[in-house]
Amino acid sequence: MSDTVTTVRAGTEAARAAQTTQAPTEQAQTAHAPTEQVRTHQRDAAPRPPRPRDAFFDNAKYLAIVLVAVGHAWEPLRQGSRAVTALYMLVYAFHMPAFIIISGYFSRTFDGGTARLKRLLTGVVVPYVVFETAYTLFTRWTSQDPDRPVSLLDPLYLTWFLAALFVWRLTTPLWRLVRWPLPLALVVAMAATTAPSIGHDLDLQRTLQFLPYFVFGLLLRPEHFRLVRRRTVRILAVPVAGCALAVAYWAVPRMDYAWFFHADSAPELGAPLWYGPLMTLAAFGCSLVLVGCFVAWVPGRRAWFTALGAGTLSGYLLHGFVAQAAKYWGWYEPAWVRGPVGVITATLVAALVVTALCTPSVRRIFRCVTEPRMAWVFGGRGAAGAGTRRAAP
């Protein structure tokens, strides 16, 4: 009996000892658990590091915006100069298509989600409203159209691109669903050239005619750009561009370069209806070849102007005021401006001005209207990050 009691007591003491030994371990685990939860919460709540920018696309956007500004500087110099008109026609055949194709490429992930809709609002709609109003008031001041009303349905000057980009982005999920998006977009563009009744609300005519370039950008992948940038293509791009310039020089007295504006229907350009679809296909093919030549020669490494590629939206929207002011203040009136020295000077000034407008300092000054964050407008999750990533032109 005593041996049994002794055995029971020994077992009880052993169990108590085991519980005492395990208790600190359980307490340590209990004390450690909140720390793990906090760390997990911190990892989930921590913002993801921004995706590194691709130097190639920043270079391409900067060079394209320089061509846009140079093209606007050449506008008053076309009259009486076949050479300037040929250069103007050549540049307009591919500089906006290049911009739109790149915009389409970076719109591939647009799915209509809340975060992307917020970025569409802050990065496209707000700048459109602000600069449409600003350009209207500026036009009144320069007396080009003193009675022009402020209308958000009639894009003025450069703002058509923002209105078009808004429509293109909203329709992106549709183009990702259909089986043959590019042929369908081409059919839409071809049909638009035969319908002057479409009108110019939101510059819909231009939006539809430029649509195939945006859809083409949606279909591109990184390997497609690498394919065009091969050394063989880069070498071939030189004679192709030279031939294109020769064709443009030949076509100046024989063709209306307004076809490359994609802003009017065939009847509005004085052509028969059947001419519109044919010119749509011809212009699309020509523009793609020239965009390929342009892309082939865009440097892929970081250069002194690479950082300026992030500020092309401000450069695009702001340089129009300088271009319009140059006409108002009579910068093109001296006779020497019409000569070779004047053309070169206008080209350099336009390139320098748009370069300055793309710098980070100018971008910061105008960020409140070109890239507003507007976290105070949006409620709920994701409001703080609504304006962190922008889609530049």
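I took a contact to mean heavy atoms within 4.5 Å. On that basis I looked at the contacts with a separation of 6 or more in the chain, and 80% of them join residues 24 or more positions apart.

Model notes. I am working on a predicted model, where local features need pLDDT of at least 70, side-chain atom pairs count only at pLDDT 80 or more, and totals for chains, interfaces and linings use all residues. Residues are numbered from 1 along each chain as its sequence is written, and side-chain values use heavy atoms, with hydrogens and water left out.

Overall. I counted helices and strands as DSSP runs numbered from the N terminus (helices H or I, at least four residues; strands E, at least two). The chain has 17 helices and zero strands. I called a residue buried under 20% relative accessible area, exposed over 50%, and partly exposed in between (1.4 Å probe, protein chains only). Of the 393 residues, 44% are buried. I took accessible areas from the Shrake-Rupley method with a 1.4 Å probe; for residues, only the protein chains shown count as cover. The chain exposes about 20900 Å², with 64% supplied by carbon and sulfur atoms.

Core. I defined a nonpolar core as buried Ala, Val, Leu, Ile, Met, Phe, Trp, Tyr and Cys residues joined through side-chain atoms within 4.5 Å. The largest one holds 91 residues, and Ile65, Trp160, Phe161 and Trp168 touch the most other members. Helix H2 (residues 55-74) gives the most to this core, twelve residues. I then listed what Ile65 touches, leaving out residues up to four places away in sequence: Phe99, Thr312, Gly315, Tyr316, Val354 and Cys358.

Aromatic pairs. I paired rings of Phe, Tyr and Trp (its six-membered ring) with centres within 6.5 Å; planes under 30 degrees apart are stacked, over 60 edge-to-face, the rest tilted. The structure holds 35 such pairs. Phe57 and Phe106 are edge-to-face, because their centres are 5.0 Å apart and their planes stand at 80°. Phe57 sits in helix H2 and Phe106 in the loop between helix H4 (95-105) and H5, so the pair ties together parts 49 residues apart in sequence. Phe57 is buried at 7%, while Phe106 is partly exposed at 43%. Phe57 also pairs edge-to-face with Phe225, 5.0 Å centre to centre and 80° between the planes. Phe225 lies in helix H11 (residues 222-228), 168 residues from Phe57. Phe225 is buried at 8%. I also found a cluster linked by ring pairs, including Trp160, Phe161, Trp168 and Tyr316.

Salt bridges. I required a side-chain nitrogen of Lys or Arg within 4 Å of a carboxyl oxygen of Asp or Glu. That gives ten. Arg148 and Asp154 meet at 3.5 Å, N to O. Arg148 is buried at 13%; Asp154 is partly exposed at 33%. Arg53 and Asp58 meet at 2.7 Å, and Asp58 is buried at 5%. Glu223 and Arg226 have their closest N and O atoms 4.0 Å apart. They are three residues apart in helix H11, so about one helical turn separates them. Glu223 is partly exposed at 41%, and Arg226 is exposed at 52%. Shared partners join Arg53, Asp58 and Lys61 into one network.

Surface. I built patches from residues with over 30% relative accessible area and no salt bridge; like charges are joined within 9 Å, nonpolar side chains (Val, Leu, Ile, Met, Phe, Trp, Tyr) within 5 Å. Trp141, Tyr328, Trp329 and Trp331 make a nonpolar patch of about 510 Å². Trp141 belongs to helix H5 (residues 114-141) and is partly exposed at 49%.
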